[in-house]
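Have the model open beside you as you read.

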Amino acid sequence: LPIFIVNSNDLNLSLQVAFQLIEDENNTDPQLASFVRHFGLQLIENRVKFNWSNLSEQVQNELKLQLERLIFDSSLQVIERFLKDALSKCVVETMKREWPQKWPLLLNQMIACKRNNIVLFTLGRLLEDVAIFYSPANSERRREIHSELTSQHAWIMQYISDCLISGQTDLCTIALETLNPFLEFFNFDSDTLTFLCDILSIDISNDTYSKVVKATDCLLTCLNRKGFKMAEKSVLLSLFSDKNLSSIFNCIELTFVQFFNLNDHQAFDLAKRLCSLISLMGQTASNLYPDYKLTEPTWKVYLQRMYSLLQINNHIFNSFIVQFWRDILKNFDLKTSLITEQMVSDILVILPNKLIKKSWDDDLMGFEFDGNEDYEIFYYKFRAEILDLLRALTLHNQSVCFLFASSFVIKLCVPNQPNYEPQLFEWEQAALLLDSVCNKLTKLEDFASNG
C-alpha cells in the first residue's frame, strides 16, 4: 500500500486513502493505530507540500474542510503528541498556500475553539515557519501571513493566556511552547514576565517539570531577543523585582538540590537553563546601565546570590555565571560603585580551584560530555574564561590581586606544614595566577618590592 501511494499519480485517491488511514481505527491493530494515523498525516503533508498546485480547486477546498474537521474534533485532543504535531504540520502547510486570502475564516474559527491544543500547535508552528525559517520562500506570501498574524496578535495572545490559566498542566505547557516564538517577534510587558516567573515558583515534580522548563525557555527568549530598542528592553528590568528574583533563585536552589542529591538528568538540564537565565539578566542590566538603572540594594542582593552560585563546584554551571562577572567588570561605572575590595578578595579565593581539571571518573561528567576529549575542549575554554575574569579583577584592583597571587606562590615555596610537598597542579595554578595578574599590572614599581 505505501509503495502504491507514493508512486501513484492519482492524487485524489492518495488523499482519500490518507484520511481513511487517519479515521478508520476499527480495522487497525490497536497497537499500530497511532503509527497508521501518523503515516496518513505524513501523506497529506507531502501532498500539500509537493503537489498542491496539481490539485483541483474542488479537492483543495475539500481538503481544507477535512483539516478543519480534524482540528475541531474534540476526540483528537487526547491523541499522542506526535500526532498533534503531525496534524499541525498539515494545517500549517496548507495555510502557507491558502491563508488568509482563500481561507479567511480559519483563524477566527480556531480562536473561537477554546483551549484546543491542536490550535496551539498550529499557531506556534506557523509563526516559526514564517518568521524563523522564512517559509514559504515567496517573500510576498511571508509578508501577507506575518501581516495577518500581526493584526490578530491581540486575539492570539488572549487565546494563549486563556490556555495558560486553564489549570491543565499539559495544556499550559503547550501554551508556553506556543508563546515562545511570539515573544521573539512581538512586544511583551512586565505582567508577562511576572507570570512566567510565578511558574518557576511552583514545586518541581515529574508532572510540572516540562511546564517549568518551557517557562524558563520563554524568559530566555525574552532576554536573547535581537533588535530590541533600549526603551523596549528596559521592561526586562522588571525581572529584578523582589518577587521575581525570589522565584528564580528559589527555583535554582530546588533544582540544585534535586541534581546533587539524586543525580537527576532532568534537574541538570533545567539547572543549566536557569544558570543561563540568571546570568543573562545581569548582563542585560549591565548593558542598560546608565540609561536604565537598578537600585543599589537590588544590585547588592543580586551580586551576593551570583557569588553564591560561583562557589558551586561544577564547571558547567560556573561557566554561565562567569560570563556575568566578566561583563560587569567591563562596565567601569558599575564595577566602581558595586565591586568592593572585599568582594574582589572573596572571588579570588574561589578561582584557583576552578582551574583544576576534573577527573573523567567524576559521576557527573556523563551528564554533559560524551567522553574525555569532549570535556577537554570545554575545560580549556572554561579555564580561559576564568583567567579572563582574573585579569578583569586585576584591572579593577591591582593591589588585592597581586597580594593574593604572590601569597599563593609564597605558600608553595615556604609551606606552613613540615614535610609538605606541593603538587604539580598547585604549581600550575600558581603559574596561571601570576601570569594573568602580572600581565595587567600598570605600575610595576609599586609591586617590585613584593615580587
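## How the terms are used

A crossing is called left-handed if the near helix is turned anticlockwise from the far one by less than a right angle, and right-handed if clockwise. Helices are DSSP runs (H or I, at least four residues), numbered from the N terminus.

This is a predicted model, in which local features need pLDDT of at least 70 and side-chain atom pairs count only at pLDDT 80 or more, while totals for chains, interfaces and linings use all residues. Residues are numbered from 1 along each chain as its sequence is written, and side-chain values use heavy atoms, with hydrogens and water left out.

## Helix 15 against helix 16

Let's start with helix 15 (residues 265-288) and helix 16 (residues 296-310), which cross in a left-handed way.

Helix 15 brings Ile 278, Ser 279, Met 281, Gly 282, Ala 285 and Ser 286 into contact with Trp 299, Tyr 302, Met 306 and Leu 309 of helix 16 (heavy atoms within 4.5 Å). Of these contact residues, seven are nonpolar, three polar and none charged. Here Ala, Val, Leu, Ile, Met, Phe, Trp, Tyr, Cys and Pro count as nonpolar, Asp, Glu, Lys and Arg as charged, and the others, Gly among them, as polar.

## Helix 7 against helix 9

Helix 7 (residues 117-132) packs on helix 9 (residues 153-164) at about 135°, with axes 11 Å apart, and the two are therefore oblique. Helix 7 passes helix 9 in a left-handed crossing. Val 119, Leu 120 and Leu 123 of helix 7 meet Ile 156, Tyr 159, Ile 160 and Cys 163 of helix 9. This contact has seven nonpolar residues, with no polar and no charged ones.

## The largest pocket

A pocket is an open set of points on a 1 Å grid over the protein atoms alone, with protein on both sides within 12 Å along at least five of seven lines; lining residues have an atom within 4 Å of a point.

The largest pocket holds about 250 Å³. Among its 14 lining residues, Met 157, Ser 161, Leu 164, Leu 179 and Thr 192 are the closest to the centre. The lining divides into nine nonpolar, four polar and one charged.

Methods:
Axes fitted to C-alpha atoms, helices over the stretch in contact; angles between N-to-C directions. Parallel < 35°, antiparallel > 145°, perpendicular 65-115°, else oblique. 1 Å grid on protein atoms, 1.4 Å probe; cavity = no way out; pocket = protein on both sides within 12 Å on 5 of 7 lines; lining within 4 Å. Points joined across faces, edges and corners; volume = space filled by probe spheres on them.
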